[in-house]
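I opened this notebook to record what I looked up, one topic at a time. The entries follow the order in which I checked things.

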Amino acid sequence: MIPFVDLQAQYRSIKLEVDEAIGRVVESAAFILGREVEAFEAAFAEYLGARFCVGVSSGTAAVQLAVTACGVTAGDEVLVPANTFFATAEAVSTAGATPVFVDADPVSYTIDPTKIEAAITPRTRAIIPVHLYGQSADLDPIFEIAARHNLSVIEDAAQAHGSLYKGRRVGALGRANCFSFYPGKNLGAYGEGGAVVTDDAEVARRVRLLRDHGSEQKYRHDIIGYNFRLEGIQGAVLNVKLKHLDNWNELRRAHAARYHELLSAAGDGEGGAGKGDSDNGGALMLPQELPYARHIYHLYVVQSDERDALQQHLAAAGVQTGVHYPVPVHLQPAYASLGHRAGDYPEAERQAARVLSLPMFPELTAAQIERVAEAVRSFAGSQLSAARV
Ligand SMILES: *Cc1c(COP(=O)(O)O)cnc(C)c1O
């Protein structure tokens, strides 16, 4: 079986370093925050070219604290893409505000900048672009709109560690920016973890207070906060893994290029697949790297009209896949009270029905990639011949 991700393979490649780092934490008993977390915060801020990084307990906590630290409160609205992991919107809600959805761009999968202004009301305070699947949203038009309407831009970079926008690392460009270190992310901890990254000293101070019971000094609590602290072991593991991140991202990019080469002709009589503009019949749409972006392929996502059948075909061929995400956020039961219907965000809904994530992780072998591509091609072939009968 070809797994969707293989965290054990990655552990084997860094076992000595990681075991030593975890051992240090256990020996020092610095289980919560502490030296290893501080060292990671400094290293990750430097990697991103940002002034501050504050480690927190998850990516979801990072979004919630970033939203709150930007001054968003009850009654406020925050713009989020309709196609994202649920947590982006959920964290806006747990911060007390209301998520307002914006449809997706059909090629980049990220928030469509041309649809943002129509969603702005007098209550809007912030926009959260999500760098979905590892490719940056088109940030310049978003910053321009935000400046005109006096909104904070909060990047959700949970899938984009090391991804570039016009040559600059994402997750350090908005007012407050969020990362997840969930184990399967490009930079993953050995448990839960996240961070807020910012150049704004006041935002950093607020996040530091909020993550630790509103306290900077033991038993003195300046505000009501949370227990959203990052663990020492996670700091130690992340410090080891950060040194490998660029190399791992390069491997992902090479795997994506190989998939592209092998799949370009799959299921498409017109030769349009792979250019992102083809949606005829059984054609397969491949991911496209936008000119402004350096994609780090957290996920390698294709689209097909026959997504469910393709997924079953791949499972039967021993290829594990995923769907990110099958239900757009505005149609989730949890947001029924917002009163959305099918048809409100047509592009997000179309993607939810068509996207399929193929195996993608740095340790994927050339033989595995070829077997995945062969399985995809054999499906496309059977579809085409069926269509001819
Ligand atoms: C993973 C993810 C999150 C949440 O991160 P957790 O660490 O799982 O809480 C938020 N937004 C996006 C886009 C994600 O992919």
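**Entry 1: two domains**

I started with the domain assignment of the protein chain, which gives domain 1 (7-242) and domain 2 (245-388). Such bounds come from an automatic or database domain assignment. I noted the ground rules next. This is a predicted model, where local features need pLDDT of at least 70, side-chain atom pairs count only at pLDDT 80 or more, and totals for chains, interfaces and linings use all residues. Residues are numbered from 1 along each chain as its sequence is written, and side-chain values use heavy atoms, with hydrogens and water left out.

I looked up the spacing of the domains. Their C-alpha centres lie 26 Å apart. I then checked the contact (heavy atoms within 4.5 Å). Domain 1 puts in 46 residues and domain 2 puts in 38 residues.

**Entry 2: the interface**

How much area is buried between domain 1 and domain 2? I found about 3,500 Å², with 60% of it from carbon and sulfur atoms. Buried area here is the accessible area (1.4 Å probe) that two parts lose on being put together, summed over both. On the domain 1 side, Phe101, Tyr133 and Asn186 lose the most area to domain 2. Together they give 22% of what that side buries.

I looked for charged pairs. The count between the domains is one salt bridge, meaning a side-chain nitrogen of Lys or Arg within 4 Å of a carboxyl oxygen of Asp or Glu. I also noted that Asp246 forms a salt bridge with Arg169, with the closest N and O atoms 3.5 Å apart.

Polar contacts came next. I took the rule as a pair of N or O atoms within 3.5 Å; within protein, one must be able to donate a hydrogen and the other to accept it, and residues adjacent in sequence count only if both atoms are side-chain atoms. Across the interface the rule finds 29 residue pairs, both residues at pLDDT 80 or more.

Which elements give two or more residues to the domain 1 side? I listed helix 1 (7-28), helix 4 (87-94), strand 3 (98-102), strand 6 (164-165) and helix 7 (232-263). Helices (H or I, at least four residues) and strands (E, at least two) are DSSP runs, numbered from the N terminus. Strand 3 gives the most, with four residues. I sorted that side of domain 1 by type: 22 nonpolar, 16 polar and eight charged. Ala, Val, Leu, Ile, Met, Phe, Trp, Tyr, Cys and Pro count as nonpolar, Asp, Glu, Lys and Arg as charged, and the others, Gly among them, as polar.

I found Cys70 in the loop between helix 3 (59-69) and strand 2 (77-81). Is Cys70 buried or exposed? It is buried, with a relative accessible area of 9%. Buried means under 20% relative accessible area, exposed over 50%, partly exposed in between (1.4 Å probe, protein chains only). Cys70 and Arg175 are 105 residues apart in sequence, yet 7.8 Å apart in space, C-alpha to C-alpha. Leaving out residues up to four places away in sequence, Cys70 touches Ser152, Ile154, Arg175, Ala176 and Arg206.

**Entry 3: helix 6**

I listed the buried residues of helix 6 (residues 201-211): Val203, Ala204, Val207, Leu209, Leu210 and Arg211. Their cover includes helix 2 (34-48), strand 1 (52-56), helix 3, strand 8 (176-180) and strand 9 (194-198). At the start of helix 6, a side-chain oxygen of Asp200 reaches to within 2.9 Å of the backbone nitrogen of Glu202. His213 follows the helix, with a positive phi near 60 degrees.

**Entry 4: backbone exceptions**

Most residues other than glycine have a negative phi, and most peptide bonds are trans. I looked for exceptions. The bond from His324 to Tyr325 is cis, with omega near 10 degrees. Ala29 has a positive phi of about 60 degrees and is partly exposed, at 47% relative accessible area. Tyr297 has a positive phi near 45 degrees and is buried, at 8%.
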